[in-house]
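My notes are below, in the order in which I took them.

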Protein chains: 2
Amino acid sequence: MKNILLLGAGRSSSVLLKYLQEHASSSDWKISVADISLSHAREMVKNDVAFSFHDLNKSADIKEKLIQQSDIVISMLPASCHLEVAQLCLKHKKNLVTASYVSPEMKALETDVIKSGLVFMNEAGLDPGLDHISAMKIIDDLRSKGALIHGFESFCGGLIAPENDNNPWRYKFTWNPRNVVVAGQGGAAKFLQEGTFKYIPYHKLFRRTEVIEIEGYGKFEGYANRDSLKYIDIYGLQGIKTIFRGTLRRLGFCRAWDLFVQLGMTDDSYQITDSDKMTHRQFINLFLAYNKHDSVELKLKYYMKLEQDDVDIWEKLEYTGIFSNEKIGLKNATPAQILQHILEKKWKLNPQDKDMIIMFHRFNYKMNNEMKELHSYLVVEGEDEHNTAMAKTVGLPVGIVAKMILNNEIKRKGVLVPVNAEVYQPILEELKQYGIQFIEKEVI
Amino acid sequence: MKNILLLGAGRSSSVLLKYLQEHASSSDWKISVADISLSHAREMVKNDVAFSFHDLNKSADIKEKLIQQSDIVISMLPASCHLEVAQLCLKHKKNLVTASYVSPEMKALETDVIKSGLVFMNEAGLDPGLDHISAMKIIDDLRSKGALIHGFESFCGGLIAPENDNNPWRYKFTWNPRNVVVAGQGGAAKFLQEGTFKYIPYHKLFRRTEVIEIEGYGKFEGYANRDSLKYIDIYGLQGIKTIFRGTLRRLGFCRAWDLFVQLGMTDDSYQITDSDKMTHRQFINLFLAYNKHDSVELKLKYYMKLEQDDVDIWEKLEYTGIFSNEKIGLKNATPAQILQHILEKKWKLNPQDKDMIIMFHRFNYKMNNEMKELHSYLVVEGEDEHNTAMAKTVGLPVGIVAKMILNNEIKRKGVLVPVNAEVYQPILEELKQYGIQFIEKEVI
């Protein structure tokens, strides 16, 4: 009997837990789940054991004991909680899986993790996770054929499925709304294009998009992620001429979103006094020049240089309710918090709404003295409220990798990410059973 | 005999020191000057005593002893050095004058400063300094006449004198170049206009300017300073409907400067690898979209929506040499550092160049049921390399306030700024002898 401890039973854990439960009896696993809400954890685990963080926090001993009793710990907690868990795992010599980026502090544990013969597998969800898994498979393939990789561009987006894609933005909050509102902040986007470094400041990010077409799904646009350059080392692509990672939205989203950026409504660095008593209309007016006579609408159009017939963008703006006299009702909030609050009223998922994940890679490479282009993409649509595309694409890779560790199928030890064939091959193989399969196309 | 210790003998100290020396014999003052460069300090002090910071730093005791032996300390050091000096002044019960903003740490000393019967007068230079002094004089005047102040706008700029105003930007670095390049960064500009809060994000700051005309000097444009709202409390203007503070440039400067902002070339948050080997032209190209065939110039014009006949703005850009193939020669520098380095080659003051200070206040107020408008402005031109307008307008108020403290003419004790009549009246009066006099005009 092997003990699995799952920390965090949030939205991304539902498919993961189902996967673990499906394998529990045949593999002789015992699953324990700890969540901030005991009732939620109980509901999720069915016949397994549930704990709440309130209990755990009351007594750090219980948390440590749970880890001590487990064979593997899967942490789906917020990224900031992983280090403490990792240190306890190291102390009691337990393996660990997370779907979060490796922090420098986590990386610093590597020598001790190797010494203890453990696997701390991170970045094992969707993004990061499936991006590594799917990209490295092709990179290794191409190299084994003697190709020289010239360029790699990669896009991922959490979107709304076509059948529920029914608002002018063609977007709903299928994931953490805050991350969407502050996306791109905190520094210029950095990438490499045809051998030249390129830098895009935040206030230009949503106007420097690239258009991607996915067969059967139409066109999308991608804006640059913060740091594409680090993937040169992660994927061993030293000498590559183009490397770019971006986030996908439906065509037209970014130009409209840019209006909020230009106005300063995504700023999260200061609070607006008495924001609760303000209306949506007064909120947007904070960012417009004063004029006694002119309407908020005309001032906005003039400031943002919107043409009278820019109807698409105007329809999006009006849809948000940003011009309404509705009270905000959120006290001393930052512009970003207020904007999120207003958008959540419109971009909220309905219970029957299905989400959609799109991942797209473009490889340009030279083989036999010819330049070639290969696309690899994945579309996953959600099934229902619990079996969302996001929960599937995050939870299944995590579950599979946990199973592989329990079965001692990962030989490499240390603080890892799934970029090696011994890890990504079996994951890609098993994902096919769940309908998750990348489509590859030689374009040139 | 009174001992004056002047810490820092930089550019802004020359007129100050001359002022002190002029009063030394009649007032029986002994002046000691400490600077980072002993030879510079020696050159400045003539017959007085000079010390270097290198000596001081070697032995903290000497620094403390110098303070202990003085009756007043004038710190013209960088703002970050004031606190340590202030603590030593408090310990040895010495008065202090600075031309810098009161930090929260400095403010925290207030109770002890009052207990010790000391004056720590800060913000006693130009901006902050003369702005308080000249504004409070009018605010107190208007109030004593029963006026209700409706709006207060205030602008200040360090510029080049008309006779040396001979480049397309109509600007040279008459002061710390770095502050000019990163000006406006670090958060949205906040002000109040007709009872409504207004917020301008950095990337819109240089396109939301206000035009000011100064008789005999033509038109200027002002961009908003970071936080105008704090002056409501400093000047006791609670209930005011409009409060705005800005920085002045010659007309057309800001729109051209905004191009650098839009491109991301003023970013100081990341370093560019191998920037020393790059040319100016390659530097600007980092911020432009890749295209194999198009020129840097056309890509820039298209991206920034410059018309073919936007000749003024184009002349400014070309003047900077930003399109040249000259090597940058600055290693691993931030975009802001590189831009500063490039601009310094063009905007450097020649030895015969004279600077100019402009300060402008607009007061709107209600008196006898009538709305009135009053302007008050000051123009100071530099005389020569040493007697710059900046050195005069910073150094003279500091010198005068130091004299007032030595003569025990300031009754209020504590960590102060010059907003009270007992301080600003004598300063304004004495400044007239040096040709520094505000012109007041009732406009409506």
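**Entry 1, ground rules.** I am working with a predicted model, in which local features need pLDDT of at least 70, side-chain atom pairs count only at pLDDT 80 or more, and totals for chains, interfaces and linings use all residues. Residues are numbered from 1 along each chain as its sequence is written, chains are lettered from A and ligands numbered from 1 in the order in which they are written, and side-chain values use heavy atoms, with hydrogens and water left out.

I looked up pLDDT, the predictor's confidence in each residue, from 0 to 100. Chain A averages 94, and 98% of the residues score at least 70. For the model I noted ipTM 0.87 and pTM 0.91. A reminder to myself: where pLDDT is low, the predicted coordinates should not be read in detail.

Helices (H or I, at least four residues) and strands (E, at least two) are DSSP runs, numbered from the N terminus. Two strands pair if DSSP finds at least two bridges between them. In chain A I traced an open sheet of seven strands, paired in parallel, in the order β3-β2-β1-β4-β5-β6-β15. The edges are β3 (49-52) and β15 (414-416) of chain A; each has a single partner strand, so one side of each has no neighbour in the sheet. From one strand to the next the twist averages 15°. Axes are lines fitted to C-alpha atoms, for helices over the stretch in contact, and angles run from 0 to 180 degrees between N-to-C directions.

I then checked one pair: β4 (residues 72-75) and β5 (residues 95-98) of chain A run parallel and are joined by four bridges. A:Ile72 has A:Asn95 in β5(A) as its bridge partner.

Contact here means heavy atoms within 4.5 Å. Helix α2 (residues 38-45) of chain A lies across β2 (29-35) and β3, at about 165° to β3(A). Helix α5 (residues 82-91) of chain A lies across β1 (2-7), β4, β5 and β6 (119-121), at about 160° to β5(A).

I read the strand order in chain B as β3-β2-β1-β4-β5-β6-β15, an open sheet of seven strands with parallel pairing. Strands β1 (residues 2-7) and β4 (residues 72-75) of chain B pair in the parallel sense over four bridges, and B:Leu6 has B:Ile74 in β4(B) as its bridge partner.

Which way do α8(A) and α17(A) lie to each other? The axes of α8 (residues 130-144) and α17 (residues 421-432) of chain A come within 10 Å and cross at roughly 110°. They are therefore roughly perpendicular (65 to 115 degrees; under 35 is roughly parallel, over 145 roughly antiparallel and the rest oblique). On the α8(A) side I listed A:Leu130, A:Ile133, A:Met136, A:Lys137 and A:Asp140, which meet A:Tyr424, A:Ile427, A:Leu428 and A:Leu431 in α17(A). The residues of this contact divide into seven nonpolar, no polar and two charged (Ala, Val, Leu, Ile, Met, Phe, Trp, Tyr, Cys and Pro count as nonpolar, Asp, Glu, Lys and Arg as charged, and the others, Gly among them, as polar).

The axes of α4 (residues 60-69) of chain A and α5(A) come within 9 Å and cross at roughly 55°. That makes α4(A) oblique to α5(A). A:Lys63, A:Glu64 and A:Ile67 of α4(A) make the contact with A:Glu84, A:Val85, A:Leu88, A:Cys89 and A:Lys91 of α5(A). By class, I noted four nonpolar, no polar and four charged residues for the contact of α4(A) with α5(A).
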